[in-house]
Amino acid sequence: MKTYSQKPADVKRQWFLIDASQASFGRVATVAASLLIGKGKPTFTSHVDGGDYVVIINTDEMVATGAKQIKKIYWRHSGFPGGIYKRTLDQQKAKDSTKIIRQAVRGMLPVNKLRAGRLERLKIYTGAEHAHMPQKPTELSLKGDK
C-alpha cells in the first residue's frame with residue numbers, strides 16, 4: 001500500500017462560520033486554526049495547504065474565562081528605547097476585537113511558508129453581518145464545548 005500525498009490541484013475547500021459569542025476566544029481560535037490547517041480532513045498532508053475558509057462573527061461579544069479580562073496583556077513596541085506599550089484584554093477588545101482572535105489563531109498556526117496563505121483565508125467580523133453569504137458557509141456550533 002502506498003502512502004497518499006495530496007497535490008495542490010486536489011485541494012477542495014469549504015467555508016465554515018463560527019460565532020465567537022458561543023465559546024471562549026481560545027476555543028474559537030483552536031477550532032479556527034484546525035480548520036485553516038485542514039487537520040480534520042482525511043487528505044491532510046503537512047506540506048500542502050489543504051485547509052478551509054473560516055468566517056468568525058460577533059467578536060465584540062466574545063467571552064474570556066477566569067481573570068483574563070484584566071490579567072492578559074497585549075504588548076507592542078515602537079522600536080525606540082523605552083517605547084513599549086501594553087493593553088489589557090478589555091482595552092484591546094474595546095479598541096479592536098478582531099485583533100484578539102487574529103493574534104490567537106496566528107499563534108496556533110505552524111511557522112512556515114504556508115502560514116500567510118492560511119491567515120488570508122481567515123475572515124473576522126465584529127458583528128453578525130458578513131459578506132460571505134453567497135459561499136453558503138457551514139455553521140459550526142461550539143455551545144456544547146466547554
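Residues are classed here by relative accessible area: buried means under 20%, exposed over 50% and partly exposed in between, with a 1.4 Å probe and protein chains only. The structure is a predicted model, in which local features need pLDDT of at least 70 and side-chain atom pairs count only at pLDDT 80 or more, while totals for chains, interfaces and linings use all residues. Residues are numbered from 1 along each chain as its sequence is written, and side-chain values use heavy atoms, with hydrogens and water left out.

The chain holds five helices and six strands, where helices (H or I, at least four residues) and strands (E, at least two) are DSSP runs numbered from the N terminus. Their order from the N terminus is β-α-β-α-β-β-α-α-α-β-β. Along the principal axes, the C-alpha atoms occupy a box of roughly 55 × 35 × 30 Å. Of the 146 residues, 38% count as buried. The accessible surface, from the Shrake-Rupley method with a 1.4 Å probe, is about 9,100 Å², and carbon and sulfur atoms contribute 55% of this area. With contact defined as heavy atoms within 4.5 Å, residues 24 or more positions apart make up 68% of the contacts with a separation of 6 or more.

For the charges, Lys and Arg count as positive and Asp and Glu as negative, whereas His and the chain ends are not counted. Each charge is placed at NZ of Lys, CZ of Arg, CG of Asp or CD of Glu. On this basis there are 26 positive and 12 negative charges, and their mean positions lie 8 Å apart.

Two strands are taken to pair if DSSP finds at least two bridges between them. Four strands form an open sheet with parallel pairing, in the order E5-E2-E1-E6. Strand E5 (122-124) and strand E6 (138-140) are at the edges with a single partner strand each, so one side of each has no neighbour in the sheet. Neighbouring strands of this sheet are turned against each other by 25 degrees on average, direction ignored; axes are lines fitted to C-alpha atoms, for helices over the stretch in contact, and angles run from 0 to 180 degrees between N-to-C directions. Helix H4 (residues 97-108) packs on the sheet and touches strand E2 (53-57) and E5, its direction making about 160 degrees with that of E5. Strand E1 (residues 15-19) is joined to E6 in parallel by three bridges, and Ile18 stands opposite Leu140 in E6.

Strand E3 (residues 73-77) and strand E4 (residues 84-88) pair in the antiparallel sense through five bridges. Tyr74 has Arg87 in E4 as its bridge partner, and Ile73 stands opposite Thr88 of E4. The hairpin of E3 and E4 has six residues between the strands, and Gly79 in this hairpin takes a positive phi near 100 degrees.

Most residues other than glycine have a negative phi. Asn58, in the loop between E2 and helix H2 (68-71), has a positive phi near 60 degrees. Its relative accessibility is 10%, and Asn58 therefore counts as buried. Leaving out residues up to four places away in sequence, Asn58 touches Asp19, Ala20, Ser21, Tyr125, Thr126, Gly127 and Ala128.

Lys136 is also not a glycine and has a positive phi, of about 50 degrees. Lys136 lies in the loop between E5 and E6 and is exposed, with a relative accessible area of 69%.

His47 is located in the loop between helix H1 (25-37) and E2. At a relative accessible area of 53%, His47 is exposed. His47 touches Ser5 and Leu114, again not counting residues up to four places away in sequence. The C-alpha atoms of His47 and Pro8 are separated by 9.7 Å, although the two residues are 39 residues apart along the chain.
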